[in-house]
Each structure stands twice: as C-alpha cells, then as structure tokens.
Amino acid sequence: MLPGVGVFGTGEIANVLVPLLREKGFEVKAIWGRTLREAKETANAQNVAFYTNVIDEVLLRKDVDLVFIVCQPFLHAEISVKALGIGKHVVCDKPAGLHQSDSMKMVRAAQYYPTLISLVNHPLRFLPAFTQMRRCLQDGLIGSLGEVVLMDVRVQMGTLFPEKYNWMCDAQMGGGALNLVGSVVDLVHFLSQQQAIRVHGVLRAYTKTTPSINGIRQITAPDFCNFQMELASGTLVTVALHSHTVPTKSFSQEVLVYGSKGHLVVRGGDLFVLKESQQKEEAVYVDVQDLHVSTNNSLLPRPYIKGLCKMVGALKEAFNSKESSWIKAPVSTAATFEDGLYVQAVVEAIRKSNETRQWQRVQLTTDVPLNHDQIIRYGYARMSTM
C-alpha cells in the first residue's frame with residue numbers, strides 16, 4: 001500500500017501537488033497552513049478532510065508516513081529534521097532551508113536515518129528531455145563529459161510575485177529569482193555531474209511594488225539574476241534569468257550544452273542535437289505527453305509541473321515494492337539533501353559575489369554531526385518558537 005501523505009503548504013505548489021498525488025494513487029490525509037484560514041481554504045478546495053496550523057498535528061498522525069514540505073523556506077529545515085526524527089519519509093521543496101547551516105542539519109538528519117526517503121524537489125531532473133540529455137552526454141554524443149566547454153541557460157517568465165505581499169516578496173525569506181536559480185544550479189550539476197568551484201553573479205530587484213502591493217512594504221526579492229559558474233573541469237556555465245515577460249503566465253526555457261563534437265539543446269520540453277557533420281538540428285526527444293490533471297490556472301511553469309508529476313510517479317514505484325517498504329532505484333536520480341546543501345552553497349556564493357562584485361569561491365560549510373537526541377531537540381525547540 002502507498003503511504004498516507006501530509007502536505008505542508010497552501011500555495012501554488014500545494015494546489016498542483018495534491019491532484020498529482022491523487023492521480024498516482026496516494027491519499028492526502030492532512031493539510032497544514034501557516035494560518036487556520038489558509039489551511040481550511042486549501043483543504044476545502046482540494047477535498048482534504050483534515051487541516052490544521054499546528055505542525056505536530058500532521059506529523060503525529062498515524063496515517064501519515066510521507067510528508068511533502070512546500071511551505072515557506074525558513075520552515076523547511078525544522079519540519080524536515082523533526083519528521084525524519086519521528087520516522088516519516090520527507091520530500092522537501094527547494095531551497096533546503098535559508099542558509100547552509102539549515103541544509104547541514106537536514107543532511108545530518110538524513111544520514112542518521114538512512115532507511116527513510118529524504119529528497120529535495122528539483123523537478124527538472126525528472127523531465128524526460130533532461131534525462132535524455134544526460135544520457136546523451138554520458139554516451140558521448142557530442143564528445144565526452146570532460147570535453148564539454150560551455151553550458152548556456154536562459155529562463156524568461158512572468159512575474160514571480162503574488163497579488164498580496166508574502167514571503168516571495170522578501171529576499172531575506174528566500175523569495176524571488178534565487179528560488180529558481182537553485183533549480184538551475186541543480187540541473188547543471190545533474191547534467192554535468194560536476195560541481196562549481198567559483199561563481200560571479202548579479203542580482204537586481206527591479207520590481208519594487210505592484211498595483212496591489214503599494215504602501216509601507218516594498219519588494220526586496222530579486223526578479224533578475226545573471227551569473228557565471230566555473231565547474232571543476234573548467235567548463236563555463238552562463239545563466240540568465242528574469243521575470244519580466246508579458247503575459248504573466250508565459251514561460252521560456254533554453255538549456256544549451258556545447259561539446260567538442262556539436263551541441264545539445266533543450267527548448268521547453270524538447271531535445272535537439274547538432275553534430276559537427278550536420279547543417280541542421282535534429283530532434284532527439286519531442287514532448288507530446290499531456291498531463292492528465294488540469295493545471296490551467298496554475299502560475300507554475302509546465303516543465304516544472306511535468307517534472308513534479310514524473311517525480312510523484314517515481315515515488316509510487318519506490319513504495320510499490322513487494323520486497324520491502326520502499327526501494328531506491330526509481331528515485332535514484334532525485335536530488336538528495338546533500339545536493340540541496342551544495343545548491344545552497346552556490347546560491348550563497350552568488351549572493352556574496354553580487355555584494356562584492358567579484359568572483360567568489362563556492363565553500364561548503366562543515367558542522368558537528370547531530371545525534372538522535374539533538375535532532376529531536378532541534379526540531380522541537382525550533383517549532384516551539386513559531
């Protein structure tokens with residue numbers, strides 16, 4: 001049997017996630033929101049019987065064995081650590097906490113409970129175009145991985161900010177373009193199988209107000225991000241991301257990889273290749289698969305929704321094992337908490353580079369491992385202050 005699911009969050013991702021979970025056969029047992037009103041509205045809209053604004057009331061339910069954490073980033077580490085400490089499987093949305101110290105606590109908790117699933121939701125890893133691109137790179141279609149000289153990523157989308165002021169508008173709370181940057185950094189790591197050693201970035205918050213956000217509070221979260229990464233092999237990665245496209249729901253994404261024998265490119269959900277001897281690109285994979293769940297009203301980009309759908313499907317395969325409670329193979333390509341820590345290190349280096357206007361080395365933090373009692377105390381202590 002598939003485990004019962006508890007969902008932490010009431011935003012766009014939660015409203016897309018619940019129907020996807022149901023479509024794959026999971027039962028959503030509980031919804032948590034920051035306020036009881038938010039939780040009730042989402043629960044009623046998604047036809048979930050139980051809702052609450054108390055974290056423990058979801059985690060301590062006996063019919064909840066898997067939790068999806070898609071709420072505000074400053075709560076990600078606390079809920080993840082506490083959930084693992086009481087034996088729940090965890091899928092946490094990006095980012096893995098606000099700082100590397102949060103990510104490290106998540107990593108230590110996951111290491112202490114290796115029999116539990118602990119994943120970060122980077123859905124582009126599961127998008128078929130990128131799984132095919134990774135396979136092509138491994139097979140040397142455009143040269144070996146060591147011969148990849150340049151990766152170019154361009155993302156254009158509508159506004160990131162909601163009608164009412166919330167954490168997405170606040171840079172200190174993890175809002176803005178940096179949330180999407182995390183997915184791009186993880187995607188580059190997934191495709192190249194290499195980590196960045198130094199970065200140079202520029203962040204800007206061009207949108208200060210909106211028609212409905214106008215008054216004392218101003219938007220501080222960046223809506224423009226441009227950065228370069230140098231990978232361990234010397235490969236240069238350039239990324240340009242902005243959210244000024246009109247209309248609001250429009251989305252464009254292009255990932256280009258140049259090798260010694262040609263290039264691979266993903267546009268939207270389609271993969272193309274151009275080899276040295278060719279004059280024209282040829283299709284390697286064309287995305288013709290449609291979603292069975294209606295997501296027309298969602299502001300989330302369709303590639304992200306499709307990737308999320310594939311990840312939920314992989315989780316279903318993992319839990320459907322007859323040999324044990326779950327098997328690793330179906331989710332082996334998913335991002336782990338260790339991957340989340342690396343992404344957080346890169347994002348912090350980009351932030352620092354923006355402040356100093358210089359190249360910055362990517363530095364992973366180190367921390368003293370937490371034992372079981374410390375993990376439980378950390379979770380409960382942080383929860384008691386909220």
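**Helices and strands at a glance**

Helix 4 (residues 76–85) has 10 of its 10 residues buried, so it is largely enclosed by the rest of the structure. This is a predicted model, where local features need pLDDT of at least 70, side-chain atom pairs count only at pLDDT 80 or more, and totals for chains, interfaces and linings use all residues. Residues are numbered from 1 along each chain as its sequence is written, and side-chain values use heavy atoms, with hydrogens and water left out.

**Helix 4**
- The buried residues of helix 4 include His76, Glu78 and Lys82 (buried means under 20% relative accessible area, with a 1.4 Å probe and protein chains only).
- Just after helix 4 comes Gly87, with a positive phi of about 90°.

**Helix 6 meets helix 7**
- The axes of helix 6 (residues 128–138) and helix 7 (residues 177–192) cross at roughly 40° and come within 8 Å (axes are lines fitted to C-alpha atoms over the stretch in contact).
- From helix 6, Phe130, Met133, Arg134 and Leu137 touch Leu187, Phe190 and Leu191 of helix 7 (contact means heavy atoms within 4.5 Å).
- Six nonpolar residues, no polar ones and one charged make up the contact of helix 6 with helix 7.

- Strand 7 (residues 150–157) runs antiparallel to strand 11 (residues 251–259), joined by eight bridges (strands pair if DSSP finds at least two bridges between them).
- Met151 has Val257 in strand 11 as its bridge partner.
- Strand 11 also runs antiparallel to strand 12 (residues 262–267), with six bridges, and the two form a hairpin with two residues between them.
- Opposite Tyr258 you'll find His263 in strand 12.

How values were computed:
Axes fitted to C-alpha atoms, helices over the stretch in contact; angles between N-to-C directions. Helix = DSSP H or I, 4+ residues; strand = E, 2+ residues; numbered from the N terminus. Nonpolar A, V, L, I, M, F, W, Y, C, P; charged D, E, K, R; others polar. Buried < 20%, exposed > 50% of the residue type's maximum accessible area, 1.4 Å probe, protein only.
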